[in-house]
Structure formats: C-alpha cells, structure tokens
Amino acid sequence: MAERRTERRTARRIRTALCAALPLALLPLLAGCQDPVGARDAPPGIQRMLDRRAAAVRDRDAGAFLASVDPHAAAYRDRQRAVFAHLAQVPLGAWSYELVKTDAFGLPAVVGAEGRRVAAEVRLRYRLTGYDDAPVTSVQYLTLTDRGGRWLISSDSDGAGSGRRSARQLWDQGPVQVVKGRHSLVLGVRRGTAALRELADRTDDAVPAVGAAWTGKWAGRVVVEAPQSLDGMAELLNADDPSGYRGIAAVTTGESGPAPAAPADRVVVNPEAYGELSAAGRQTVLTHEATHVATRTATTAATPLWLSEGFADWAAYRGGSHPAATAPELAHAVAKGTPPSRLPADGDFRFSRGARELARAYEGGWLACRMIADDWGEQRLGAFYRAAGRGGAESAGRAMRDQLGLSPGEFTRRWQAYVVRQLR
C-alpha cells in the first residue's frame with residue numbers, strides 16, 4: 001500500500017481550503033500497557049460481541065446494539081443510545097468491527113465487582129450506499145469488561161489522555177441530516193436543510209467541472225460532511241487544536257495511492273470559514289476538494305505537493321480570470337523584482353508557514369500546472385500527474401523528462417519565466 005500522507009491547502013486569494021489525505025495510521029498504544037495480545041489470542045467472545053454489535057447497526061436494532069454496552073457504565077450507555085439514534089438517516093451499506101489487539105492496562109487481569117477489564121483496539125469499517133466503493137476505516141479504543149462471561153463495552157475514551165483516542169464520526173456529534181444531490185451526498189449536524197442543500201448544489205456543479213479537467217477514472221461522486229462548528233470539524237479530523245483549522249474552509253480526507261477501488265473520501269467543511277466566502281469562493285473550494293477526490297488513486301507519497309495542490313487549483317480556476325488576479329502574492333513579488341527562485345517544496349505548504357508564504361506556495365503550484373496545460377496541453381498535464389505518482393522520490397523528475405522533455409532544472413527555469421511573463 002502506498003504511504004499515507006497529509007496535504008494541506010490554504011487558498012490564498014480567499015484564504016480558504018485545506019486539502020488533506022489525512023493519515024489513518026493507528027495511534028500509539030496507551031502508555032504503560034504491557035504485552036499487547038493479538039486478536040487471535042484475545043479473550044474469547046470479544047469478536048463475537050463486536051459482530052453482534054455490527055449486525056445490530058446494519059439491522060437498525062437499537063436493543064441488540066445496546067446489549068453490547070455495559071449496563072454499569074450509565075453515562076456511556078446514554079451516549080451510545082443517542083449515537084444509534086443519530087444514525088437513523090445515514091444510508092449505511094456496510095458496517096463491521098475488527099478486533100486488532102487487546103491489553104490489560106499494564107496490570108494483571110482484575111476479577112471482582114468491576115469484572116475483568118481489557119483495553120481493545122478495534123477497527124470500524126463502514127460504507128455509504130451508492131457513494132462508497134470502498135469502506136471508510138477508523139480506529140476505536142474501547143474498554144471492555146467481562147460481566148459474568150459476557151464481554152461488554154464500558155468506554156471508548158479511557159485512553160484519550162495517553163494517546164489512544166477513538167476516532168469520532170459525525171453521528172457522535174448529533175442527529176445526522178442527509179441531503180442528496182445528483183453527484184453528492186451531504187451529511188450535516190445542526191446546519192439546517194438550506195445550508196446542506198447549498199453544499200449539495202455546489203458539489204453537484206463541481207463534479208462535472210472536475211470531470212472535464214481530469215480524464216482519469218473515478219466514481220464521480222463526492223460525500224461532504226458539515227459539522228456544526230470549527231470544534232466539530234477538528235474532532236472529525238482527530239485534531240488536538242481546533243485553532244489550527246481556523247480560516248480553513250474545507251478538508252478532504254482519504255487514503256492516497258493506487259487501490260483496486262477508489263478509497264472513500266470525505267470533504268469536511270468548516271462552517272465558519274466557508275460561511276465567510278463569496279459564492280465564487282465557495283465554488284472554488286468545493287471544486288478544488290472534488291479534484292482531490294478524483295485524483296486520489298493517482299496521488300502517492302511521490303507526488304509533490306506543488307503538483308497535487310496546483311492541479312486541484314488549476315481544475316478549480318480552469319478557464320477563469322487573469323493570473324494576476326488569482327495569484328496576487330506572486331504578482332506582488334514579481335512587481336518588486338523578487339520572483340520565486342524555485343518550485344514550492346512540500347515544506348512550504350505547512351501550517352507553520354505564514355499566510356503569505358502559504359499563498360505563494362499554492363500560487364506557484366497553480367501556475368506550474370497552468371503552464372503545462374498551456375504549453376503541452378491538458379491531456380499531457382494529466383499524464384504528467386499520473387506519471388509523477390509512480391515510483392519513488394525521483395519519479396517527478398523522470399515524469400518531467402518522459403512527459404515534457406525537460407530536466408527538473410529546465411522545467412524550473414521555464415516556470416520562472418512563465419510566472420514573470422504572466423504576472424508582470
């Protein structure tokens with residue numbers, strides 16, 4: 001499987017979107033845990049309980065679902081009852097749990113009034129009917145208690161303070177409302193039908209625009225999640241600090257790299273930043289994010305961020321306004337006589353960079369892709385994108401030679417001249 005990576009985007013002109021292939025790697029074990037036990041050697045009955053719990057979700061059987069929850073954990077049981085109700089409108093096509101490993105919290109098994117306890121690492125996999133060709137996978141860290149020979153779930157948050165934090169889903173935040181479009185499915189919590197319909201309509205417009213720009217195979221469907229707040233967005237991204245996403249209008253999560261079926265992506269919208277954008281800005285954001293969904297299986301760890309982010313911007317701005325209006329930071333640099341000296345590096349897209357530096361990086365990537373489309377044609381740009389993702393760290397350089405007939409140095413010099421020519 002291709003290496004998982006994180007891609008971030010702050011759209012300079014509208015200070016908007018982050019685009020991410022969010023890492024789905026398992027979180028570290030709880031500090032102090034000893035001798036993790038694989039699923040094969042785990043206490044018997046745990047996987048069977050998880051299987052019954054999954055069947056209850058698929059069958060919409062609240063009683064069977066709550067039968068997997070420890071009745072002595074009253075607060076957790078109440079939350080689980082609410083979560084099950086929140087799923088009522090979600091079109092689930094599949095739902096399963098896989099026990100990965102168990103631990104004894106670093107202590108010998110405890111038998112007594114509280115029962116024997118273990119910590120379990122569990123993978124939840126689910127798929128939305130009509131939209132996901134492959135499941136979304138998330139990790140849960142559960143506390144399991146043996147009650148008279150029956151393993152029951154007592155908590156999903158005991159390990160949060162020690163690095164074992166269960167991934168949260170939209171239905172953990174409230175009742176999920178669903179709006180379907182021609183090419184979209186929008187899931188929202190406390191956002192209102194009008195706001196969700198607006199997201200569906202703009203995503204519906206984005207999908208054919210992406211299809212015109214990207215000739216590679218993709219499903220042509222996009223799932224959008226609309227939490228109520230910035231904090232809700234950060235929770236869905238398993239982020240410690242919500243402020244890191246302030247001013248970021250949307251995030252695309254998914255697994256990069258070739259796959260037999262396109263992995264399931266989610267576009268997560270920040271209602272605060274998205275709400276501040278103009279109609280054109282909102283359309284640009286959603287087209288950019290839909291482009292990342294479309295190109296996901298052609299994007300690998302070898303794909304430079306200037307290319308993946310630049311291509312998404314190129315698709316979003318394709319046929320749009322004069323470059324100077326879309327790349328004001330670089331235009332200012334050119335006017336001052338300080339044009340860029342190199343293509344943007346991956347590190348230039350980090351949040352630790354200032355707003356202007358980030359804007360220059362995204363503008364530089366966009367202009368590089370625009371140059372390829374102008375000088376070699378749109379089909380060649382797509383072929384270059386796919387070739388750059390094949391192989392290792394040197395694949396982008398090889399793709400330049402094979403697809404464009406230029407060395408990396410020659411390409412950079414040509415891009416520098418193009419930037420100056422377009423922006424002065």
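Visitor: How many helices and strands does the chain have?
Guide: In this predicted model, local features need pLDDT of at least 70 and side-chain atom pairs count only at pLDDT 80 or more, while totals for chains, interfaces and linings use all residues. Residues are numbered from 1 along each chain as its sequence is written, and side-chain values use heavy atoms, with hydrogens and water left out. Helices (H or I, at least four residues) and strands (E, at least two) are DSSP runs numbered from the N terminus. The chain has 14 helices and 10 strands.

Visitor: What share of the contacts in the chain with a separation of 6 or more comes from residues 24 or more positions apart?
Guide: Contact means heavy atoms within 4.5 Å. Residues 24 or more positions apart account for 69% of those contacts.

Visitor: Is α4 parallel or oblique to α7?
Guide: Helix α4 (residues 193-213) and helix α7 (residues 279-295) have axes 8 Å apart and pack at an angle of about 55°. Axes are lines fitted to C-alpha atoms, for helices over the stretch in contact, and angles run from 0 to 180 degrees between N-to-C directions. Angles under 35 degrees count as roughly parallel, over 145 as roughly antiparallel, 65 to 115 as roughly perpendicular and the rest as oblique. The angle therefore makes α4 to α7 oblique.

Visitor: How many nonpolar, polar and charged residues does the contact of α4 with α7 have?
Guide: The residues of α4 in this contact include Leu199, Ala206 and Val210, and those of α7 include Arg282, Leu286 and Ala290. Ala, Val, Leu, Ile, Met, Phe, Trp, Tyr, Cys and Pro count as nonpolar, Asp, Glu, Lys and Arg as charged, and the others, Gly among them, as polar. By class, the contact has 8 nonpolar, 4 polar and 4 charged residues.

Visitor: Is Ser395 buried or exposed?
Guide: Ser395 lies in helix α13 (residues 395-404). Buried means under 20% relative accessible area, exposed over 50%, partly exposed in between (1.4 Å probe, protein chains only). Because its relative accessibility is 1%, Ser395 counts as buried.

Visitor: Which backbone oxygen does the side chain of Ser395 reach at 2.6 Å?
Guide: Ser395 touches Ala302, Ala387, Ala388 and Arg390, not counting residues up to four places away in sequence. Its side chain reaches the backbone oxygen of Arg390 at 3.3 Å. At 2.6 Å, the side chain of Ser395 reaches the backbone oxygen of Ala388.

Visitor: What separates the C-alpha atoms of Gln228 and Pro271?
Guide: Gln228 is found in the loop between β8 (222-226) and α5 (230-236). Gln228 and Pro271 are 43 residues apart along the chain, and their C-alpha atoms are separated by 6.8 Å.

Note on methods: Polar contact = N/O pair within 3.5 Å; in protein donor to acceptor, adjacent residues only side chain to side chain.
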